[in-house]
Amino acid sequence: MSRLRATLIALTLVATTAPPARAAVAITVENDRSQPVFSYADAIREHVYVEAPIDSDADGRLDRVRVDIIRPRESGPSLKVPVIIDESPYYDNSGRGNEAERKVYDTAGDLAKFPLFYDNYFVPRGYAVLNVDMLGTTRSDGCPDTGGQADVLGGKTVIDWLNGRAKAYRADGSPAEATWTTGKAAMIGKSYDGTLANAVAATGVEGLETIVPISAISSWYRYQRSNGVVYNYNYASWLANVVDTDPDAKCAAVRAGMDAEDGDDTGDYNAFWRLRDYEKDVANVRASVFVVHTGNDLNVKPDNFSAWWAALGRRGVPRKIWVGQYQHVDPFDFEGRRDLWVDTLHRWFDHWLLGVPNGIMREPVADVQVGPAQWITQRDWPARGAVRVPLRPAADGGLGLLPARRGTTATFTDLRMPETEMVADVGTAKPGRLAYTTGPLPLDLRLSGTPLVDLRVALDRPTANLTALLVDFGETTRVDWRRGQGITTLAEEDCHGEATAADDGCYRKVSTNLATRPLEIVARGWIDVQNRDSLSSPSPLPAGEYGRVAWETLPHDYVFRKGHRLGLVLAGTDATYSGETGTGATVTVDLAGSTISVPFVLSRPLTEVPADRTRWYGPQDVELPTPEIDFR
């Protein structure tokens, strides 16, 4: 055989056995949703270090933020893709999600497993997913400062890098440019992760198009204080140490600085907390916001979402919200709503990052859980037709619409008590609390929003801690959020997205924990009397003089059932949620000058949310005339 002929045969064999060239792939939208046309297995997995404009560990070098990236192989200068970011301090300690997933690295130092389902589901649909290590945690430089400047600048700088405004480097020191992205980014996450999303949005950084804060903090003061009452002492430094897995000595000075500045001795709002207050910067927010929170979240208490939500609304920020009844739980683990959550999130990101006109912004703004297995939709939250009903304590222990006779008073002592003791045996007098109840309710009453406590009190000492509890007295089956945060993890899994051997995108299903109990504390509120006029400038109440003390409880959305009784309990220092000691002050309450105003909504019968979310379902929040209700 001639050499020429052999060469021709070899070339023919190569041509017929080589794999076909990869067909051009583009982001594809069908049925108003981006479609999984990109290979997850073949996706590019890489990591870079973005240089932040801060040296939080004072080592003489600017901190670098570790960013783990997964994106479609086809992405690049000719196919630019949007970005979904989950920035977290928990990737190498407590992990993410109900199954506490941590990052898993391959031999090249890239991620083989990205926690949660976002990568499995969204990368095949034409998104990049970035898992970002918050400064001072996992493989990023620096020191965490619990909501402060370092926490905020790390995530902001990543978005700056995506838009060509910051520098990044690969592990070998070579520069890295994000030539593969449109620069449009979303931030999502639960708890601290969602808090970082709120914080970065409050900087107004360009390129952050939307955020999805889940059970997230909007003000670290609200997270650790209530009107001057301290929940936990030295919490900021404690949390910073928990999330920082480096040797303790590295960031000891930063933590000591936080302890010196947090004002635990007063509970006041000072410069330390102002720096960590994102609500004050709401005017900077450019991004749309999809809030998820629960009324029974007593970790990140629900006033964090309600105040943020209202402030965003006043600024005209495009919004959506889910309000549940679990504890500190991700909507991925709301029983029976996992598929709906994934699809809603999918459509939200498609709309804000890809510009898909899928109608999601024409649908009801709020999904609200009103029972263990019942959700409704409405135009906003709280329900627009909610009307504040003032309930007034009476000398005989009743709670009704009429004020007590002028001059009627009751007293208790500011003792440190757990809330279970505060609500026990309400018909029996106790030195550390007052208790008032309505008669049986003649109909269901739905609370939607934030009750307001307004008392006229006198003290025999300069201040006292006050607790107000709104209680549902009546046996029924409710979400048992105290056990497992309201859910039980099952053995059976379901999967969302594509898989590799290292990362399958499959997670265990959950069921809702239920309990039948004789009562439920629905709303809680606390205040230090000397902070009644100002959170930053306390003013003791002169002994023996009456003063007005008004404050909001935590918000909720809750149905009091027909035949149940509403209760108002007034007490001193709450040992369940505060580390403070009781002052021992005698508190005299002027019953005639005291109320709790509860936002009630009376509407047509509540209906469950349909599976098809592509159109408006109504009527919603159609208010009926308020009937005469005898609360006594």
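Reader: Which residue lies over the face of tryptophan 309, and at what distance from the ring centre?
Author: In this predicted model, arginine 319 lies over the face of tryptophan 309, at 3.9 Å from the ring centre. Arginine 125 lies over a ring face as well, that of tyrosine 121, at 3.8 Å from the ring centre.

Reader: And how many aromatic pairs does the structure hold?
Author: The structure holds 29 aromatic pairs. One of them joins tyrosine 231 and tryptophan 526, whose ring centres are 5.6 Å apart and whose planes stand at 80°, so this pair is edge-to-face.

Reader: Where in the chain do tyrosine 231 and tryptophan 526 lie?
Author: Tyrosine 231 belongs to the loop between strand E13 (229–230) and helix H6 (235–243), while tryptophan 526 belongs to strand E28 (residues 514–528), so the pair ties together parts that are 295 residues apart in sequence.

Reader: Is tyrosine 231 buried or exposed, and what about tryptophan 526?
Author: Tyrosine 231 is buried, with a relative accessible area of 3%, and tryptophan 526 also counts as buried, at 3% relative accessibility.

Reader: What about phenylalanine 332 and tyrosine 507, how are their rings arranged?
Author: Their centres lie 5.7 Å apart and their planes are at 90°, so phenylalanine 332 and tyrosine 507 form an edge-to-face pair. This pair links distant parts of the chain, 175 residues apart, with phenylalanine 332 in the loop between strand E15 (319–324) and helix H10 (338–354) and tyrosine 507 in strand E27 (residues 506–512). Phenylalanine 332 is buried, with a relative accessible area of 8%, and tyrosine 507 counts as buried at 7%.

Reader: Which residues do ring pairs link into a cluster with those two?
Author: The cluster consists of Phe117, Tyr118, Tyr121, Phe122, Tyr127, Phe332, Phe349 and Tyr507, linked by ring pairs. Tyr121 in that cluster is the residue whose ring face has arginine 125 over it.

Reader: Switching to the nonpolar core, which residues of the largest one touch the most other members?
Author: The largest nonpolar core has 75 residues, and those touching the most other members are Val67, Ile85, Leu130, Trp161, Leu162, Trp180 and Leu208. Helix H3 (residues 149–162) gives the largest share of this core, seven residues. Apart from that core lies another, of 45 residues, with Val129, Ala186, Trp341 and Trp348 among them.

Reader: What does tryptophan 161 touch, leaving aside residues up to four places away in sequence?
Author: On that count, the residues touched by tryptophan 161 include Val48, Val50, Ile69, Lys167, Glu177 and Trp180, together with several alanines, among them Ala166 and Ala176.

Reader: Now strand E25, how many of its residues are buried, and what pairs with it?
Author: Strand E25 (residues 465–479) is mostly covered, with 12 of its 15 residues buried. E25 pairs with E28 in the antiparallel sense over 13 bridges, and leucine 466 has isoleucine 527 in E28 as its bridge partner. E25 also pairs with strand E31 (residues 565–571), again in the antiparallel sense, over seven bridges, and there phenylalanine 473 has arginine 565 as its bridge partner.

Note on methods
Residues are numbered from 1 along each chain as its sequence is written. This is a predicted model: local features need pLDDT of at least 70, side-chain atom pairs count only at pLDDT 80 or more; totals for chains, interfaces and linings use all residues. Side-chain values use heavy atoms; hydrogens and water are left out. Rings of Phe, Tyr and Trp (its six-membered ring) pair if their centres lie within 6.5 Å; planes under 30 degrees apart count as stacked, over 60 as edge-to-face and the rest as tilted. Helices (H or I, at least four residues) and strands (E, at least two) are DSSP runs, numbered from the N terminus. Buried means under 20% relative accessible area, exposed over 50%, partly exposed in between (1.4 Å probe, protein chains only). A charge sits over a ring if NZ of Lys or CZ of Arg is within 6 Å of the ring centre and within 35 degrees of the ring normal. A nonpolar core is a set of buried Ala, Val, Leu, Ile, Met, Phe, Trp, Tyr and Cys residues joined through side-chain atoms within 4.5 Å. Contact means heavy atoms within 4.5 Å. Two strands pair if DSSP finds at least two bridges between them.
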